[in-house]
Amino acid sequence: MEMEMEKEKDGESGVTGNDNTLLDDDGKPKRTGTAWTASAHIITTVVGAGVLSLAWAMAQLGWIIGISSILLISCVTLYTSNLLADCYRSPDSINGKRNCTYMEAVKTNLGGKMHLLCGLIQYSNLSGAAIGYTITTSISVLSIRKINCFHKEGIAAPCQFSNNLYTIGFGIVEIFLSQISNFHKLSWLSILAAVMSFGYAFIGVGLSLATIIQGKGRSTFLFGGSREQSFADKLWNIFIALGNVALASSYAQIAIDIQDSLKSSPPENKVMKMANTIGICSTTIIFLLSACFGYAAFGSDTPGSILMSSGFKDPFWLVDLANGFIIVHLVGAYQVVSQPIFGAVETLAGQRWPQSSFVTREYPMSIGKIRYNFNFFRLIWRTLFVIVMTVLAMAMPFFNEMLALLGAMAFWPLVIYFPVEMFIAKQKIKKQSFRWFGLQTLNFVFMLVSMAAACAAIHGLSRALHKYKPFMYKM
């Protein structure tokens, strides 16, 4: 696979200035993305750690609220994602100036200091996602070891292992992959990761369906929760489950970056809306299948992940294969969520020290047919980022609570608030009009949902901190 890592700093396009056929209207190299590559990016981001927890979420919510919440949040996400797609160019959605990042779109459409708040939320959430992917990958490797141990030694065997070695190994892999220079070079990795996500999701669905057909499914309820739980525990778990569902549908934090990789013709907003529809419809189907069949198979005892060691154990080779798919998928997903952070820091550094060769100079290198540009600042900064995320992942390996907190942090401000407010400002919708009231009601309702999920996640994390010692997690 050939990778050509090119300069994309302002004024350094990597092509000759006389050849305008190789440049877009902003002076950067021609973008080549399509609806299918954008859909792959969306699926890679959305179908990951989130889908693994949806059967557990369904067990807490029950059939009625569970299915309704997945469908409702998916529809709302599609609606607001399409609003966000129209904010890529301003003031006109087709011929206006490009906003290459979420922060730029907020600054252009809302003005003031709102873009600083957006950046803080966006990049904190993306960093949290990187931690979550690191945790999930190490747990998947542990699941393979545990399932193989159970297969050899018996189900009662004391199969417990530390995840630290595997977390470090994942970090080393990501250090190498992080040198892919920018988001536009990730299409091949996203497509591979998207294929993997379909693979393990359908293995989980197939194992759940086989359990149901064999008559081994557990009792389920219209309204979820175990009958042995206290009312307070049920309520906390409901809020955590809603946070998990919110995270499962959330990709707004990288939506503008995905759109910035698309070709200019047809117009980017139209292509992005098509990609939104393909991506969200595909993932919603996977979510419903995974949640419903997983809940029907395990009932009130549904584990946090049906494909990890507390879930299916036979046939062991198929469960191992599914966890292998998860690992490959999350290797790619990590880069998809990290590239916007890398790009933001490197752009700021280039603007702050434009004359520094350490920051801006690219050194062409090649290994066989692989050609790339080497940059000292990129090497050191991205390596440090991966190391910090890896250390934090070893310090707090809490699965469902972490997912709920990430969902609460990202869903309302990035998926609802900013797209709605930018749409109101761009369309000049009058205050107290019928449409304004409808949009603000949507804003308010999901703010309450996010606040409730955040409170529940913090409550769960506080309990987990008393249960687990940092850097000493075993499974």
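**View 1. Glu268 and Arg89, a buried pair in the predicted model.** Both Glu268 and Arg89 are buried, and what we're looking at is a predicted model. The two form a salt bridge, with the closest N and O atoms 2.9 Å apart. That pair ties together distant parts of the chain: Glu268 sits in helix α10 and Arg89 in strand β1, 179 residues apart. Put together, Arg89, Arg98 and Glu268 make a network of salt bridges.

**View 2. Asp86 meets Lys273.** Side chains of opposite charge can pair when their charged atoms come close. In this view, Asp86 and Lys273 form a salt bridge whose closest N and O atoms are 3.1 Å apart. Asp86 is in the loop between α3 (54-85) and β1 (89-90), while Lys273 belongs to helix α10 (residues 268-298), and 187 residues separate them. Asp86 counts as buried because its relative accessible area is 16%, under the 20% cut-off. Lys273, at 28%, is partly exposed. The structure's salt bridge count comes to 5.

**View 3. Arg31 reaching for a backbone oxygen.** Arg31 sits in the segment before α1 (35-46). Its relative accessible area is 5%, so Arg31 is buried. The Arg31 side chain gets to the backbone oxygen of Asp260 at 2.7 Å. Leu262 is also in the picture: its C-alpha is 5.6 Å from that of Arg31, although the two residues are 231 apart in sequence.

**View 4. Thr134 inside helix α5.** Thr134 lies in α5 (residues 114-153). Buried or exposed? Thr134 is buried, at 0% relative accessible area. Its side chain reaches the backbone oxygen of Ala130 at 2.8 Å.

**View 5. Two aromatic pairs, two geometries.** The structure holds 11 aromatic pairs. One of them is Phe198 with Phe202, a stacked pair at 6.3 Å centre to centre with 10° between the planes. These two phenylalanines sit 4 residues apart in helix α7 (residues 187-213), about one turn of the helix. Phe198 is partly exposed at 28% relative accessible area, and Phe202 is partly exposed at 42%. Tyr417 and Phe418 have ring centres 5.2 Å apart and planes at 70°, so this pair is edge-to-face. Tyr417 is partly exposed at 22%, whereas Phe418 is buried at 0%. Ring pairs also join Tyr417 and Phe418 to Tyr102 and Trp412 in a cluster.

**View 6. A nonpolar patch on the surface.** Which residues make up the patch? They are Phe358, Phe376, Ile380, Leu384, Ile387 and Val391, with about 500 Å² of accessible area together. Helix α13 (residues 376-395) supplies the largest share, 5 residues. Ile387 is in that helix and is partly exposed, with a relative accessible area of 42%.

View 7. An unreviewed UniProt entry lists several transmembrane regions, among them residues 277-296 and 441-462. Residues 277-296 are 100% helix in the model, with end C-alpha atoms 28 Å apart. Residues 441-462 are also 100% helix, and their end C-alpha atoms are 32 Å apart.

Definitions and conventions
Residues numbered from 1 in each chain as written. Predicted model: local features only at pLDDT ≥ 70, side-chain atom pairs only at ≥ 80, totals over all residues. Heavy atoms only, no water. UniProt positions renumbered as here; feature names shortened; annotations may be inferred. Phe/Tyr/Trp six-rings, centres within 6.5 Å; stacked < 30°, edge-to-face > 60°. Buried < 20%, exposed > 50% of the residue type's maximum accessible area, 1.4 Å probe, protein only. Polar contact = N/O pair within 3.5 Å; in protein donor to acceptor, adjacent residues only side chain to side chain. Patch = residues over 30% accessible without salt bridge, like charges linked within 9 Å, V, L, I, M, F, W, Y side chains within 5 Å. Areas by Shrake-Rupley, 256 points an atom, 1.4 Å probe, with all protein chains shown as cover. Salt bridge = Lys/Arg side-chain N within 4 Å of Asp/Glu carboxyl O.
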